[in-house]
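This briefing covers a sheet, the helices lying across it, a pocket and several loop residues. Please look over the sequence and the structure first.

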Amino acid sequence: MSIEAISSNKCFGGWHKRYAHKSEVLNCNMEFAIYLPPVVSEGKSVPVVYWLSGLTCTDENFMQKAGAQRVAAELGIAIVAPDTSPRGDGVPDDTEGAYDFGLGAGFYLNATQEPWAAHYRMYDYVVNELPDLVEKYFPVTGKRAISGHSMGGHGALTVALKNPQRYSSVTAFSPISNPMECPWGKKAFTHYLGNDTRLWKEYDASELMAAGGSVPALVDQGESDSFLTEQLKPDALKKSADKSGYPLTLRLQPGYDHSYYFIASFIEEHFRFHISHL
């Protein structure tokens, strides 16, 4: 595996960098961002928080809008932000150009249906290929946490729930908590996974959390989020956690919506949650 530098910007004493590489898992070229805190220049290796973004986003949205680098610099944490789906010539997209499926909407799963299966394997990319790449080329430890927003919150929760040995903690903003029961999830799962709902359960955080687990989780949900009732369904996640005794802290935040203003307001608390477990 090799990487190609795209850009580099100094930020809070550390460095925000972007790279491109050939993904064997996704069968296309991919880009990702990494923030390296100032202590890296002193020869120290640092833990990593992986950030998964939501529908229509790339690696750039969170890094430019959330303001996470300041607290990451203070705490000595690297941030890695992948793209939200495979891209490029030959990668299939929704034929009608819908924002909630295809390019920008990989849903962090391994597709089983054609024509998606050849490229849409974001689960394997996030869990295995990207961390292997990061740990090969950058001064990071094997300690990892994961976080995300909306579709990325769904991805962060499911990835952590299915891989408790790989992550010290998980947080999410406005996650799609029960995709089997919402329009975004039903559309994506039908196309990517087919009609067998047993496969859907493997990528539904509420279903997985009902079975229990041990990775500490913090979820923030804005009460003024326009997607709250139809798409996000945090009540299903809480019900599952209550049933299994899962270590979930779910906070409903009055007045906040689905935007990066919401994320920027609480990202410091999420990173401090992660460092307490890292």
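Is Phe107 buried or exposed? Phe107 is buried, with a relative accessible area of 0%; buried means under 20% relative accessible area, exposed over 50% and partly exposed in between, with a 1.4 Å probe and protein chains only. This is a predicted model, in which local features need pLDDT of at least 70, side-chain atom pairs count only at pLDDT 80 or more, and totals for chains, interfaces and linings use all residues. Residues are numbered from 1 along each chain as its sequence is written, and side-chain values use heavy atoms, with hydrogens and water left out.

**Sheet**

- Nine strands form an open sheet with mixed pairing, in the order E1-E2-E3-E5-E4-E6-E7-E8-E9.
- The edges are held by strand E1 (3-11) and strand E9 (248-253); each has a single partner strand, so one side of each is left without a neighbour in the sheet.
- From one strand to the next, the twist averages 20 degrees.
- Strands (E, at least two residues) and helices (H or I, at least four residues) are DSSP runs, numbered from the N terminus, and two strands pair if DSSP finds at least two bridges between them.
- Strands of a sheet pair through backbone hydrogen bonds, either parallel or antiparallel.

**Strand E6 and its partners**

- Strand E4 (residues 46-52) and strand E6 (residues 140-149) run parallel and are joined by six bridges.
- Within E6, Ser147 is the bridge partner of Trp51, and Arg144 is that of Val48.
- On E6 and E7, the pairing is again in the parallel sense, over four bridges, and Gly148 stands opposite Ala172 in E7.
- Seven of the ten residues of E6 are buried, which leaves the strand mostly covered.

**Helices across the sheet**

- Helix H9 (residues 234-244) lies across strand E8 (217-222) and E9, and runs at about 150 degrees to E9.
- Helix H10 (residues 260-277) lies across E4, strand E5 (78-82), E6, strand E7 (170-173), E8 and E9, and its angle to E7 is about 175 degrees.
- Axes are lines fitted to C-alpha atoms, for helices over the stretch in contact, and angles run from 0 to 180 degrees between N-to-C directions.
- Ser206, in helix H7 (residues 205-209), is buried at a relative accessible area of 4%.
- Apart from neighbours within four places in sequence, Ser206 is in contact with Ser177, Asn178, Ala236, Leu237 and Ser240, where contact means heavy atoms within 4.5 Å.

**Largest pocket**

- The volume of the largest pocket is about 170 Å³.
- Its lining consists of Gly54, Leu55, Thr56, Cys57, Tyr99, His149, Ser150, Trp184, Phe227, His258, Ser259 and Tyr260.
- Six of the lining residues are nonpolar, six are polar and none is charged; Ala, Val, Leu, Ile, Met, Phe, Trp, Tyr, Cys and Pro count as nonpolar, Asp, Glu, Lys and Arg as charged, and the others, Gly among them, as polar.
- On a 1 Å grid over the protein atoms alone, a pocket is an open set of points with protein on both sides within 12 Å along at least five of seven lines, and lining residues have an atom within 4 Å of a point.
- Grid points are joined across faces, edges and corners, and a volume is the space filled by probe spheres set on the points.

**Backbone exceptions**

- Most residues other than glycine have a negative phi, and most peptide bonds are trans.
- Phe107, in the loop between E5 and H3, has a positive phi near 60 degrees.
- Ser150 is not a glycine either, yet has a positive phi of about 60 degrees.
- Ser150 lies in the loop between E6 and H4 and is buried, with a relative accessible area of 3%.
- Between Glu114 and Pro115 the peptide bond is cis, with omega near 5 degrees; Pro115 is in the loop between E5 and H3.

**Exposed loop residues**

- Asp89, in the loop between E5 and helix H3 (122-137), is exposed at a relative accessible area of 84%.
- Asp89 and Asn29 are 60 residues apart along the chain, with 9.5 Å between their C-alpha atoms.
- Gln165 is in the loop between helix H4 (151-162) and E7 and counts as exposed at 61% relative accessibility.
- From Gln165 to Ser147, 18 residues apart in sequence, the C-alpha to C-alpha separation is 16 Å.

Technical notes
On a 1 Å grid over the protein atoms alone, a cavity is a set of points where a 1.4 Å probe fits but cannot get out, and a pocket is an open set with protein on both sides within 12 Å along at least five of seven lines; lining residues have an atom within 4 Å of a point.
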